[in-house]
Amino acid sequence: MKNGIGIAIGLLFIGTIIGAVQLTQKMSVELPEKQVAAVSKSSSNSLTYNPPSLEEVPEGPIGEAITYGYKLVNETYSVADPYVGNNLSCASCHAGAGLDKDSSSLVGVTAVYPQYIARSGKIVTIEDRINGCMVRSMNGEKFEANSDELKAMVAYFTYISEGVPVGADIPWRMTNDMDNVPTPNVASGEQLYQKSCIACHAADGSGTDPNTGPALWGDNSFNDGAGLARISKMAGYIKNNMPAGSEGTLTNQEAADLAAYVLSQDRPEWKNHDKDWPNGGKPNDIMNKERREEVKNGTINWEEVLSKN
Ligand code: HEC
Ligand code: HEC
């Protein structure tokens, strides 16, 4: 009991100090705010994209972990088969195992975690974030906290993040959101899909190969709790990265039509939608089962789906 009181007083004391420090920091930062922003902007622009080569991984256990991590990210569906619930690799979306600068690059990612993620409503570590993609994008299971797989992935991401300062504002990070998505036309999306996408992703969306033409819908694709199940992210991803080899040729309207078509097809369901964004701010453009039904029976209200809150 005595100890408990001691700890409580101690905590109170520490709390006061932290409060005071925060206050002084706030006071000293508030005035030159513009200047500070300008400085951090120019420093982010000077970040160069220069991940180290996989041919230079160090010898020994850490090198082995990095190489295993690379293999896991590249061939997740087979190397981590017991954990993966579909037929995708991390590289199905993070092209080149996260090394492709323009396609959801993961270079620098270990420098920006832990961070607060609104979808989880809490501070998320890099391990949590990897597991977030495991249960949503891979429609699978989390790796155990101390597993070789999780350690290897973190070793790999740490390796390719070398040289990126902690907390850096990384210019190639999160570049696939489309800000103002035009009202989509699903029928046009379907026509365009048949013309420009089936060679790699198959007419029924089931894909031809996890790394050269991954499944876009159906049992072997991501579930509707994944980031790409949102129209804004899917449209941005398609616009920036597809069709592979001719990327950058689609208009925003075409990318939106394609995104709406792809996301109105059946896919695995995420069971915990109601637990996401626990502190509010849940986006409206998540294409869950209800939305897919609305597309099918013609009652979807795109204005509402695309509205921001
Ligand atoms: C179906 C596509 C898809 C697959 C497959 C996928 N991811 Fe992701 N991942 C995304 C998207 C989209 C984002 C960005 C989410 C956002 O904008 O909030 C993301 C974000 C991340 C982030 C956070 C990046 C950052 O800068 O904060 C990490 C780490 C990550 N993914 C790791 C993985 C790993 C590891 C795998 C494989 C186990 C994987 N992802 C599989 C689509 C995917
Ligand atoms: C030449 C083959 C090719 C064509 C054509 C192509 N893709 Fe892809 N697609 C890929 C590859 C390869 C990936 C894996 C990521 C990467 O390497 O860029 C991918 C990944 C994707 C993903 C994310 C992964 C997933 O499983 O959801 C989406 C979404 C996507 N493509 C949509 C499209 C759409 C829409 C079109 C038509 C406009 C299209 N693609 C045309 C090869 C292609």
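This is a predicted model: local features need pLDDT of at least 70, side-chain atom pairs count only at pLDDT 80 or more; totals for chains, interfaces and linings use all residues.
The chain contains 12 helices and two strands. Read from the N terminus, its elements follow the order α-α-α-α-β-β-α-α-α-α-α-α-α-α. The chain has 309 residues, of which buried residues make up 36%. When contacts between residues at least 6 apart in sequence are considered, 67% of them join residues at least 24 apart.

The largest nonpolar core comprises 60 residues, and those that touch the most other members are M153, Y156, I231, M234, A235, I238 and A259. At least two residues of this core come from each of α3 (61-74), α5, α6, α9 (231-241) and α10 (252-263). The greatest contribution is that of α6, which supplies nine residues. Because domain 1 (54-160) and domain 2 (186-305) both give residues to this core, the core lies between them. One of its members, M234, illustrates the packing. With neighbours within four places in sequence left aside, M234 is in contact with L228, A259, V262 and L263.

The buried residues of α6 are L150, A152, M153, V154, A155, Y156, F157, Y159 and I160. In α5 itself, I126, R129, I130, N131 and M134 are buried. The elements that cover the buried residues of α5 include β2 (122-124) and α6 (148-160).

Ligand 1 is surrounded by 24 residues, and the closest are C90, C93, C133, S137 and G227. Helix α5 (residues 126-135) gives the most to this shell, with four residues. The shell around ligand 1 is made up of 15 nonpolar, six polar and three charged residues. Both domain 1 (54-160) and domain 2 (186-305) give residues to the shell, and ligand 1 therefore lies between them.

Around ligand 2 there are 26 residues, of which A95, C197, C200, P214 and P243 come nearest. Each of α8 (198-201), α9 and α10 supplies at least two residues of this shell. Its composition by class is 17 nonpolar and nine polar residues, with no charged residues. At least three residues of the shell around ligand 2 are drawn from each of domain 1 (54-160) and domain 2 (186-305).

Most residues other than glycine have a negative phi, and most peptide bonds are trans. A cis peptide bond joins M242 and P243, with omega about -10 degrees. P243 is located in the loop between α9 and α10, and P243 is also among the residues that come nearest to ligand 2. A cis peptide bond likewise joins Y113 and P114, where omega is about 0 degrees. The loop that holds P114 runs between α4 (76-79) and β1 (115-117).

The loop between α4 and β1 also contains S104. Although S104 is not a glycine, its phi is positive, at about 50 degrees. S104 has 22 other C-beta atoms within 10 Å and is therefore classed as buried, since 20 or more such atoms are required. A positive phi of about 45 degrees is found for N139, which is not a glycine either. N139 lies in the loop between α5 and α6. With 24 other C-beta atoms within 10 Å, N139 is buried.

A further loop residue, P283, is situated between α10 and α11 (289-296). P283 is partly exposed, because 18 other C-beta atoms lie within 10 Å; a count of 20 or more would be needed for a buried residue, and 12 or fewer for an exposed one. The separation between P283 and L306 is 23 residues in sequence and 8.9 Å in space, taken from C-alpha to C-alpha.

How values were computed:
Residues are numbered from 1 along each chain as its sequence is written. Chains are lettered from A and ligands numbered from 1 in the order in which they are written. A residue is near a molecule or strand if its C-beta atom, placed from the backbone, lies within 6 Å of it. Ala, Val, Leu, Ile, Met, Phe, Trp, Tyr, Cys and Pro count as nonpolar, Asp, Glu, Lys and Arg as charged, and the others, Gly among them, as polar. Domain bounds come from an automatic or database domain assignment. Two residues are in contact if their C-beta atoms, placed from the backbone, lie within 7 Å. A nonpolar core is a set of buried Ala, Val, Leu, Ile, Met, Phe, Trp, Tyr and Cys residues joined through C-beta atoms within 7 Å.
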